[in-house]
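Reader: I would like to go through this chain by question and answer. Please show the sequence and the structure before we start.

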Amino acid sequence: MKDKFIIGRYLPLNTIIHHLDPRAKLIFVFLFIVLIFFAHSFGTYLWLFILIISIMKLAHIKFWFLIKGLTPIWIFLIFTFLMHLFLTKGGSRIFEIGFISIDIQGILEGIYIVLRLMFIIMISTIMTLSTSPIDLTDAFERLLSPLKIVKIPVHQLSMMMSIALRFIPTLMNELDKIILAQKSRGSEISSGGLINRIKAFIPLLIPLFISAFQRAEDLAIAMEVRGYDTQKIRTSYRRLEWQFKDTITLILIIPIAIILFGLKYLGV
């Protein structure tokens, strides 16, 4: 299970992407996601796909490793495509039976929305795979530090994000152990149809929730014993250093946007 769910995992590799300042990566990913929403043609999506593949190469992340790790979201993507396929109307009608009809606009919109969601998830996952949860938390807190002026608990939000990212792989490991324990007792989890597999996974939720609450309680007790107080002013052991390569990374978003809007304007 953990090999098919890579969201929240970190790969400690020695690449140029890993060595970038996490603040630069957060800002770049945010701007890249904004550009994804402006893409609405096969040419623009092809341009974004080439960029994502290039970033994956620089981060030494294999394409099929990323695709396989996003397996749990495929059901959601298929459902999204089907919703647009049957509900979006416009253009030539290619299929109709009773009240069910499929138009060419529905197919295009379904493909565009699925590609948009895929690209957002892929670029976000590349960032988490190349950035440790601690660095992401520090970057998140630094970038949102001006919000402390209006009494927004930035530190608490950063701590919640850090704990959530750390718990994802932990819970996946715990789920693997529960599945192996159920299989050793003769439970059929990996066989049968889709409905049978869903029914087989329902008994796994109770021990998983119990384990999650137990770990959360242990973490709360450990933090309390160590005197952790969210109201105190805290300092960081590791300091983030902005370098020239981080500035270049953000500047690259400008030619990326120019080419994207150029393709969109030309109708490619």
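**Annotated regions and fold**

Author: The unreviewed UniProt entry places the feature "transmembrane region" at residues 26-53, 65-87, 107-129 and 248-267. The model discussed here is predicted.

Reader: What percentage of the chain is helix over residues 248-267?

Author: Residues 248-267 are one of the stretches that UniProt lists as "transmembrane region". In the model, the end C-alpha atoms of this stretch are 29 Å apart.

Reader: How far apart are the end C-alpha atoms over residues 26-53?

Author: Residues 26-53 also carry the UniProt feature "transmembrane region". Here the chain is 82% helix and 0% strand. The end C-alpha atoms of residues 26-53 are separated by 18 Å.

Reader: In what order do the elements of the chain run from the N terminus?

Author: The secondary structure consists of ten helices and two strands. Read from the N terminus, the order of the elements is α-α-α-α-β-β-α-α-α-α-α-α.

Reader: Which residue in E2 is the bridge partner of Phe95?

Author: Strand E1 (residues 93-97) and strand E2 (residues 100-103) run antiparallel and are joined by four bridges. They form a hairpin with two residues between them, and Gly98 in the turn has a positive phi of about 65°. Within this pairing, the partner of Phe95 in E2 is Ile102.

Reader: Which element gives the most residues to the largest nonpolar core?

Author: The largest nonpolar core has 43 residues, and those with the most contacts inside it are Phe32, Leu48, Leu66 and Met122. Two or more residues come from each of helix H1 (22-36), helix H2 (42-58), helix H3 (63-69), helix H5 (104-129) and helix H10 (253-266). The element that gives the most, with ten residues, is H5.

Reader: Which residues does Phe32 contact, leaving aside its neighbours within four places in sequence?

Author: Phe32 is among the residues with the most contacts inside the largest nonpolar core. With neighbours within four places in sequence left aside, the contacts of Phe32 are Leu48, Leu51, Ile52, Ile123 and Ile253.

Reader: Are H1 and H9 roughly parallel or roughly antiparallel to each other?

Author: H1 and helix H9 (residues 244-251) pack with their axes 9 Å apart, at an angle of about 0°. Ala24, Ile27 and Phe28 of H1 make the contact with Asp246, Thr249 and Leu250 of H9. Angles under 35 degrees count as roughly parallel, so H1 and H9 are roughly parallel.

Reader: Is Gly110 buried or exposed?

Author: Gly110 is found in helix H5. Not counting residues up to four places away in sequence, Gly110 touches Phe81 and His84. The C-alpha atoms of Gly110 and Leu85, 25 residues apart along the chain, are separated by 5.8 Å. The relative accessible area of Gly110 is 0%, and the cut-off for burial is under 20%, so Gly110 is buried.

Reader: What is the relative accessible area of Thr137?

Author: Thr137 is found in helix H6 (residues 133-143). Leaving aside neighbours within four places in sequence, Thr137 is in contact with Ser158, Met159, Met161 and Ser162. Thr137 is buried, and its relative accessible area is 9%.

How values were computed
Residues numbered from 1 in each chain as written. Predicted model: local features only at pLDDT ≥ 70, side-chain atom pairs only at ≥ 80, totals over all residues. Heavy atoms only, no water. Buried < 20%, exposed > 50% of the residue type's maximum accessible area, 1.4 Å probe, protein only. Contact = heavy atoms within 4.5 Å. Core = buried A, V, L, I, M, F, W, Y, C linked by side-chain atoms within 4.5 Å. Pairing = 2+ DSSP bridges. UniProt positions renumbered as here; feature names shortened; annotations may be inferred. Axes fitted to C-alpha atoms, helices over the stretch in contact; angles between N-to-C directions. Parallel < 35°, antiparallel > 145°, perpendicular 65-115°, else oblique.
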